[in-house]
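This briefing concerns a sheet and the surroundings of a ligand. Please have the sequence and the model open while reading.

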Amino acid sequence: MSVSLRDPITLGTLTLRNRLYRAPVLEGAGSAPNPAAVYARHFVPNIEAGLALVIQGNTIVNLEGRTSPGMSVIGDRERMLALKPLTDAVHRAGGRIITQLGHGGSFSLESWHRDYVAVRTSPPFAPSPLPLWIRSLHRGGVHVMSTREVEELVRRFGIVAAWAREAGYDGVQLAGSNAKLLHQFLSPVHNRRKDRYGGDATARTTLLREIREAIAREAGADYPVLLKYTAVEGTPVRQRRGITLEDGVLTARIAEQVGFAALTPVHADVVPNTSICRGQFPRGALRRKGIKHRLLSATGRRTRNLTLAAGLWLSTRRTPFEPVWNRAIFGAVKQAVNIPVFAVGGIRTAQEANAILADGQADMIGIGRPFYAEPDLARRLLNESDPNHDREAACKSCNQCLIPQMLGMPGVCYSPTVKLSLRHRDAKTGTAAA
Ligand SMILES: Cc1cc2nc3c(=O)[nH]c(=O)nc-3n(C[C@H](O)[C@H](O)[C@H](O)COP(=O)(O)O)c2cc1C
């Protein structure tokens, strides 16, 4: 039987009303006095428009380890429980919410952002010493985690997941992509450890396996744990082999065996750049006075800004936007496992979404950046009678949202062209802008 966007699905103990989810993109709630209200302003309109599931952007399990000041740090139980009004609001609106748990590892703010370098208690965590060509991106090196420290981190994920359950989250997703710490442990470039957390592709999944077990112990075996992970890793240095699709499929099989409820396999480079989201070089944002100034005050030097801009420019050239660019990856993983597979990356139309589902290439459809500009996007994608049903999302993947989110600014659309085009469209079709 052919599956469509409107069909419900069950992930372990969790039932979702349809197949559309908001992929994790930062909301900029950070350390706001009332982060629940900031998140709710983003998510509740999405859910009211019919979206089944929100995956909240990366939330950090330690006091250090953010990659953006806009990320929430869940260093203690109180901070997590402060998000209960958010989960209640999402549930009241008829949807479900899962939070991502992660850590930035060697690319945490403590590695590059002046304010965080100044107050850090130690250099940022890494699985192994950084390869020479990555070292130049860092201020003051990394701290290679001892086996004991990795074990402590495993326990920490378990405890934080238990708090997430208490706060009403319907599950957690491990943030294992975007060159963050869990990705770094999967990567043969970053992880050259000699203990049980390093070795071949199977050994490099040890951290994920142990975290899964710790969450079952602390939060309950029935608590849904999802995984977003780098299944194919790009590296700009040709001689270094990153994670291959074969490794990515192996990780999926292991994840299924140890009880993950669903998988989001993606392509990402070995360093943070636009490979995770593709699209254009964010020239407009880099030229804006306010953003330029904030970036300079964060990096401390014009040359660092230039290096960052050059890295982003190169990655937009190496990994250009293609509609549904992760298709071969999620399609291969779907063939290998029986748990639900989530698609994400450049999905912009209802037709693309329904074709992925109908062809059996994935079970859920994730959309990220387009929700910034169109909070009510789900309404038209899910309803064939909507006058804008067949139109593609207004987001043109210009990535102007990328630099502001690195700096902790609000997670919104920064493109004046997109805003104009939406106004024009709504005037033409007689629909109100959200
Ligand atoms: C501003 C921004 C923030 C993001 N934050 C996260 C995040 O916190 N966790 C994560 O796994 N992916 C994050 N991503 C990646 C998205 O979840 C998604 O994989 C990517 O944007 C491709 O989907 P899209 O083309 O629908 O935007 C982020 C992407 C952008 C552009």
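The model is predicted: local features need pLDDT of at least 70, side-chain atom pairs count only at pLDDT 80 or more, and totals for chains, interfaces and linings use all residues. Residues are numbered from 1 along each chain as its sequence is written.

**Sheet**
- Eight strands form an open sheet with parallel pairing, in the order β10-β9-β8-β5-β4-β3-β12-β11; strands are DSSP runs of E of at least two residues, helices runs of H or I of at least four, numbered from the N terminus, and two strands pair if DSSP finds at least two bridges between them.
- β10 and β11 (342-343) are at the edges with a single partner strand each, so one side of each has no neighbour in the sheet.
- Strand β3 (residues 20-22) pairs with β4 in the parallel sense over two bridges, and R22 stands opposite V54 in β4.

**Strand β10**
- β10 and strand β9 (residues 225-234) are parallel and share eight bridges; K228 has T264 in β10 as its bridge partner.
- Eight of the eight residues of β10 (residues 262-269) are buried, so the strand is largely enclosed by the rest of the structure; buried means that 20 or more other C-beta atoms, placed from the backbone, lie within 10 Å of the residue's own.
- A262, T264, V266 and A268 point one way, and L263, P265, H267 and D269 the other way.

**Ligand shell**
- The ligand is surrounded by 24 residues, the closest being G57, N58, C277, G368 and R369; a residue counts if its C-beta atom, placed from the backbone, lies within 6 Å.
- β4 (53-60) and α17 (402-406) are the elements that give two or more residues to this shell.

Technical notes
Buried ≥ 20, exposed ≤ 12 C-beta atoms within 10 Å, placed from the backbone.
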